[in-house]
Amino acid sequence: MNTQTHLLVAAAIFAKPDAPRRNTALVIGALLPDFPVLTLFVWGSVTGVPQGELWGSIYFSEPMLTFTAIANAAPLYAAIALLAWAYARWKSGAPLPTLPTLTVLGLAALTHLAGDFPVHVEDAHPHFWPFSDWRFHSPVSYWDGAYNGRAFSVFEATLGLALAAILYKRFNATWVHVLLGTAVVAYFAVPVFWFLQF
Ligand SMILES: [Zn+2]
């Protein structure tokens, strides 16, 4: 799915007003799996490498394949979430009132992977890396029109709009409202960007 959807899903599940550490952790966790993609995008924009070459060949060769495999590895995030929880539980000696910050980060990243799993075709990630290179090649792509991408895009934008509305009500801060507005605008801006590229 698109980056802003991952952020909205993780925020809808984990975000609480007046919990800045928790909220920062969920934002980082939701973004981490897309970090190699975002880095490649910025690098391409700075160096002027054509978009077609970025996503047609560089994205599918080393070292990008290793970077994306690590960033999308479910065992890694599950381990972070579990170890942070076990350590905090052992240290406090009593049931934890809230989830530890790193556990929120790991769980937010796992919601990202769960969102991507059913909607990647040729660009599917080996989500069980390093234990297995297996990839689920779904019949549905979140972007490719040849694999129901258009229908899914409409569904994704609708979901994003609903989640943004829920978060808008949960948070009163103006900057949060501005961010949510930006996320909603991205559903229209991203397709326009790609339309202008090709
Ligand atoms: Zn992703």
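Contact here means heavy atoms within 4.5 Å. The model shown is predicted.

**View 1. The largest nonpolar core of the predicted model.** This core has 22 residues, and those with the most contacts inside it are Leu8, Ala15, Leu26, Leu167 and Leu180. At least two core residues are supplied by each of helix H1 (3–14), helix H2 (20–31), helix H7 (101–116), helix H8 (149–170) and helix H9 (174–197). H1 gives the largest share, six residues.

**View 2. The surroundings of leucine 167.** Leaving aside residues up to four places away in sequence, Leu167 touches Leu8, Ala11, Ala12, Ala15 and Leu180. Of these, Leu8, Ala15 and Leu180 are, with Leu167 itself, among the residues with the most contacts inside the largest core.

**View 3. The packing of helix H6 (residues 74–92) against H7.** The two helices pack at an angle of about 155°, and their axes are 7 Å apart. Angles over 145 degrees count as roughly antiparallel, and H6 and H7 are therefore roughly antiparallel to each other. The crossing of H6 past H7 is left-handed.

**View 4. Residues at the contact of H6 with H7.** From H6, the residues Ala74, Tyr77, Ala78, Ile80, Ala81, Ala84 and Trp85 take part. They meet Leu102, Thr103, Gly106, Leu107, Ala109, Leu110 and Leu113 of H7. Sorted by class, this contact comprises twelve nonpolar residues, two polar residues and no charged residues.

Terms used: Residues numbered from 1 in each chain as written. Predicted model: local features only at pLDDT ≥ 70, side-chain atom pairs only at ≥ 80, totals over all residues. Heavy atoms only, no water. Core = buried A, V, L, I, M, F, W, Y, C linked by side-chain atoms within 4.5 Å. Buried < 20%, exposed > 50% of the residue type's maximum accessible area, 1.4 Å probe, protein only. Helix = DSSP H or I, 4+ residues; strand = E, 2+ residues; numbered from the N terminus. Axes fitted to C-alpha atoms, helices over the stretch in contact; angles between N-to-C directions. Parallel < 35°, antiparallel > 145°, perpendicular 65-115°, else oblique. Left-handed = near helix turned anticlockwise from the far one by under 90°. Nonpolar A, V, L, I, M, F, W, Y, C, P; charged D, E, K, R; others polar.
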